[in-house]
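Hi,

Here is the structure I said I would pass on.

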Amino acid sequence: MRFPLTDQLIEEAARYELRSACRDCFFYVPDQARCAHEWPDVGQGRWPLDAPEPDGSRPGEAEFCKEFELR
Ligand code: SF4
């Protein structure tokens with residue numbers, strides 16, 4: 001699920017200590033750096049939400065995985 005990455009979302013993610021990326025998911029296999037379901041990373045692995053794109057730009061959207069389970 002994609003949502004616009006607004007300043008409000010970034011601020012609230014920090015304030016409420018949001019955990020939504022693969023690194024905090026029960027299904028993430030850290031020693032293999034992959035999802036146990038083998039879902040491709042289409043942005044849900046990015047953390048923090050506003051981490052720059054490879055070209056240095058700020059992302060315009062935040063991706064949330066429907067399978068996420070807090071570790
Ligand atoms: S289930 Fe989703 S959030 Fe969890 S590790 Fe896999 S891709 Fe990431």
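Let me start with P48, which sits in the loop between β3 and β4. Keep in mind that this is a predicted model. Most peptide bonds are trans, and most residues other than glycine have a negative phi.

A33, in the loop between β2 and β3, has a positive phi near 50° without being a glycine. E38 is not a glycine either, and its phi is positive at about 60°; you will find E38 in the loop between β3 and β4. A33 counts as exposed because its relative accessible area, 56%, is over the 50% cut-off. E38 is exposed too, at 60% relative accessibility.

D41 is also worth a click. D41 belongs to the loop that runs between β3 (34–35) and β4 (61–63), and with a relative accessible area of 52% it is exposed. What does its side chain do? A polar atom of the D41 side chain lies 2.8 Å from the backbone nitrogen of G43, and one lies 3.1 Å from the backbone nitrogen of G45.

Now for the ligand. Which residues surround it? The shell consists of C22, C25, F27, Y28, C35, H37, W39, Q44, C65, E67 and F68. Sorted by class, that shell has eight nonpolar residues, two polar and one charged. The space the ligand takes up is the largest cavity.

F68 from that shell is also touched by D24, along with R19, E69, L70 and R71, leaving aside residues up to four places away in sequence. D24 itself is in the loop between α1 (7–15) and β2 (28–29). Is D24 buried or exposed? D24 is buried, because its relative accessible area of 16% falls under the 20% cut-off. The side chains of D24 and R23 are joined by a polar contact of 3.4 Å.

One last stop is helix α1, where R15 is placed. R15 is partly exposed, with a relative accessible area of 47%, and its side chain makes a polar contact of 3.0 Å with the side chain of Y16.

Cheers

Methods:
Residues are numbered from 1 along each chain as its sequence is written. This is a predicted model: local features need pLDDT of at least 70, side-chain atom pairs count only at pLDDT 80 or more; totals for chains, interfaces and linings use all residues. Side-chain values use heavy atoms; hydrogens and water are left out. Helices (H or I, at least four residues) and strands (E, at least two) are DSSP runs, numbered from the N terminus. Buried means under 20% relative accessible area, exposed over 50%, partly exposed in between (1.4 Å probe, protein chains only). A polar contact is a pair of N or O atoms within 3.5 Å; within protein, one must be able to donate a hydrogen and the other to accept it, and residues adjacent in sequence count only if both atoms are side-chain atoms. Contact means heavy atoms within 4.5 Å. A residue is near a molecule or strand if one of its heavy atoms lies within 4 Å of it. On a 1 Å grid over the protein atoms alone, a cavity is a set of points where a 1.4 Å probe fits but cannot get out, and a pocket is an open set with protein on both sides within 12 Å along at least five of seven lines; lining residues have an atom within 4 Å of a point. A molecule sits in a cavity or pocket if more than half of its atoms lie within 2 Å of its grid points. Ala, Val, Leu, Ile, Met, Phe, Trp, Tyr, Cys and Pro count as nonpolar, Asp, Glu, Lys and Arg as charged, and the others, Gly among them, as polar.
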